[in-house]
Amino acid sequence: MTFSSSLAGQRHATRPQGDRRVLARLLTALLAGALLLTMLLSLGWGAASDTDVVGALIGADDVSLRDRTIVWDIRLPRTLIGALVGAALAVSGAVLQGLFRNPLADPGLVGVSAGASFGAVIAIVLGGSAPFWLQASLGSFMVPFAAFLGGWITTILLYSVATRNGRTSVATMLLAGLALAALASALTGVLVYYATDDELRDLTFWGLGSVAGANWQKFWSAAPLIIVCLLAAPFLARSLNALALGEAAAGHLGIRVQAMKRIAILTVACSVGASVAVTGGIGFVGIVVPHLLRLVQGPDHRGLLINSALLGGVMLLLADAIARTVIAPAEMPIGIITAIIGGPFFLWILMRNRALVDL
Amino acid sequence: MLRKTFFGAVCLALPSFLQAERYPTADAIVSVGGPITEIIYALGEEDRIVARDTTSVFPEAVNDLPDVGYMRRLSAEGVLSVGPDLIIARSTSGPVEALDQLRGAAVPIVFVEDGFTPDAVLASIGTVGEALGVEDKADTLIAQLRTDFAALDAQRAASDTPLRVLFALSVDGGRLNASGSGTGAHGLIELVGGTNVMAESFEGYKLVNDEAVILAAPDVIVMMDGRGDHSGRADEVLALPSVALTPAGENAAFLTIPGALGFGPRTPELA
């Protein structure tokens, strides 16, 4: 029971279950409203501050082509991708944390994002020399597909290294994640030597993600995969709750543990892979969001997964608002901002849960 | 991915073949790429620029203009926010998505081919002059540069054995980041009649191995002058164990040039 007690914090332990569920429902409504609001703000915010957003949205006749382009082709896909990727990263974090039964798992921290980036980098550098049938059948989906494969392989490797007899050691998981991330970035480094100068400049993008350059093509290449994962995630909630008791106990409760683990890993790999493919690696969203929510509503995955998706979207859109306005007319990679906010937060969690990481 | 790259290449290549676009009334120009900004200034049309990219740092005055970011990482909205009616950009600018969005907003983009030879410089001046509708000024500048390049040619013919040059972009932890072929530095070395010692080994810039530096035996090491202490930098580079073993190290032959590796109108002057 280390998991639930440490995650919930002792001071919440006495609160009745019913209260928590009501609280979670209330939060869901609140966060849904907040997400809608941030999406609207995200449409209104930007370097071009004099844009006639409302006019462009309702399709008024006197709106300039410039404003229509800014709202419909630049900000709208960006806002939708930002909300989806934020949701995907936060839910992946929550699922990973449930799967590993500890609060320190995050797609960025445990190497899943690095693995997905590596997959994408392979596709960028070596994609031109892939067999023709592969290029023909995958087309512009080659990079997202490769990112998914990279994330999937990393997640499986991580799980098999860190879990023994159904128990996952936190320290082993973090160290394995470190090793896998180091390996993925080293292999990426090898490819850097084969890349042309142009490819090289594109490669730097995968390390520090950005929602810039969002367009409808990118949206359609990633959105279906992410949406399916987001819809699937809540169905994992009961199983993840049961898993908190340990694999054996979960099995006795009638959960098909192996099948459920496979689905969880697939969900994480798909959504992180698709996210990395369109935005590069954005860290810390997956750890900050679920953790904040657990502090408020407790560890029950039923409300947690949905609320993580909503709050993840809100957080990433806010970070993106900073990214696109702070040095306008130029832009900052959003990964810098999530890391600046998430890094200290991670340290704080570590200090609160020091016992968890003791080797 | 391949298809996207291909389309990108076609989009980038097309305008330079057409070369018929003229925007003589454009007066809110975003200039993307150091050499392009320099050309616009050399043509005396700088008042028409409203913003520039990070690589445009010469002349001094250009730094007062808003910076729309690194030329390969442009943000469509950022560029649109300065209200441009024309974008003149190096053909290697990007990303493709941002350029597509800018085209979607009906902002014309004129691409200027990159190149590191005298002919490329003259051609790019022609392209920019045409785009701005000041062909006469461009012709004058081209003629003047032609004379300068010819003088260089003569000078080069007169000199005896070519100097072996190693151009280093930076010193990273005691290793030189040297220029291979296909770079502005390489073009510049060729132009002054030198031999780029790394040209055979690789394209672009790479960190070079100490032993490769010794084997290459450059007569002189050239760097760009950055901000800060130049003489200290010379000492630092010449004291590197690998460099010390080369003729350049023995003769303390270290040279800095102003930072202008994108080929532009100042090229002959620098050479």
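Guide: Two strands count as paired if DSSP finds at least two bridges between them. This is a predicted model. By that rule, strand β3 of chain B, residues 86-90, pairs with β4(B). The sense is parallel, and the pair has four bridges. Within it, B:I87 stands opposite B:I109 of β4(B).

Helices cover this pair. Helix α4 of chain B, residues 96-104, lies across β3 and β4 of chain B. It runs at about 140 degrees to β4(B). Helix α5 of chain B, residues 118-132, also packs on the sheet. Its contacts are with β1 (29-32), β3 and β4 of chain B. The direction of α5 makes about 165 degrees with that of β4(B).

Now the whole sheet. Chain B has four strands in the order β2-β1-β3-β4, and the sheet is open. The pairing is parallel. β2 (49-52) and β4 (109-112) of chain B each have a single partner strand, so one side of each has no neighbour in the sheet. On average, neighbouring strands are turned by 20 degrees against each other, direction ignored. Strands of a sheet pair through backbone hydrogen bonds.

Next, the charged pairs in chain B. Side chains of opposite charge can pair when their charged atoms come close. B:E135 and B:R22 meet in a salt bridge, at 2.7 Å from N to O. B:E135 sits in helix α6 of chain B, residues 135-158. B:R22 sits in the loop between α1 (2-18) and β1 of chain B. The two are 113 residues apart, so this pair links distant parts of the chain. B:E135 is partly exposed, with a relative accessible area of 26%. B:R22 is also partly exposed, at 43%.

Chain B also has a charged link to chain A. A:R75 forms a salt bridge with B:E77, and the closest N and O atoms are 2.4 Å apart. A:R75 lies in helix α4 of chain A (residues 65-100) and B:E77 in helix α3 of chain B (residues 76-81), so the pair joins two chains. A:R75 and B:E77 are both buried. Over all chains, the structure has twelve salt bridges.

Definitions and conventions: Residues are numbered from 1 along each chain as its sequence is written. Chains are lettered from A and ligands numbered from 1 in the order in which they are written. This is a predicted model: local features need pLDDT of at least 70, side-chain atom pairs count only at pLDDT 80 or more; totals for chains, interfaces and linings use all residues. Side-chain values use heavy atoms; hydrogens and water are left out. Axes are lines fitted to C-alpha atoms, for helices over the stretch in contact, and angles run from 0 to 180 degrees between N-to-C directions. Contact means heavy atoms within 4.5 Å. A salt bridge is a side-chain nitrogen of Lys or Arg within 4 Å of a carboxyl oxygen of Asp or Glu. Buried means under 20% relative accessible area, exposed over 50%, partly exposed in between (1.4 Å probe, protein chains only).
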